Amino acid sequence: MNTKQLNEQFYAKRELVGTVDHCLCEDCIFYAEQIMKNNTLVEFLHTKGLDPRKANEVWCYMEKNGYKHYTIDFFEVYADKEETHTFGNAKITFYVNIYAEKEQLPYVCTIDAVFKM
């Protein structure tokens, strides 16, 4: 299996952010709606076998000047290398998790995104 297939399998049963089975807070619902509008980011994540609505953690850490600032984390992912990309309003980074336990996957993925309210 390649990394795309491994990620798809690993995250297959994860619930979607902004749904009753995950979290229905205002910030999660807003994120789930807005992230899907960044087609380039969504398409890139799909090539990695990831759905941005299946992240482990979605955190709106600041609201300022009509914008919401988010950090979105996938705590464990399959990846071939460390890499960073920018897609419009979002920056995505795959990097080695130096704190990963023996049974955990060695990479994490973080997305930093800003959305107009």
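Lys54 contacts Tyr11, Ala12, Arg14, Glu15, Leu16 and Phe74 when residues up to four places away in sequence are left out (contact: heavy atoms within 4.5 Å). The model is predicted, with local features requiring pLDDT of at least 70 and side-chain atom pairs counted only at pLDDT 80 or more, while totals for chains, interfaces and linings use all residues. Residues are numbered from 1 along each chain as its sequence is written, and side-chain values use heavy atoms, without hydrogens and water.

Lys54 lies in the loop between helix 3 (39-47) and strand 1 (57-64) (DSSP runs numbered from the N terminus: helices H or I of at least four residues, strands E of at least two). Lys54 is buried (under 20% relative accessible area; exposed is over 50%, with a 1.4 Å probe and protein chains only). Lys54 has no salt bridge (a side-chain nitrogen of Lys or Arg within 4 Å of a carboxyl oxygen of Asp or Glu). Asp51, the nearest side chain of opposite charge, is 5.5 Å away (Lys and Arg positive, Asp and Glu negative; His and chain ends not counted).

In helix 2 (residues 26-35), the buried residues are Cys28, Phe30, Tyr31, Ala32, Gln34 and Ile35. Their cover includes helix 3, strand 1, strand 2 (67-77) and strand 5 (107-116).

The loop between strand 1 and strand 2 holds Asn65. Although not a glycine, Asn65 has a positive phi of about 50 degrees. With a relative accessibility of 66%, Asn65 counts as exposed.
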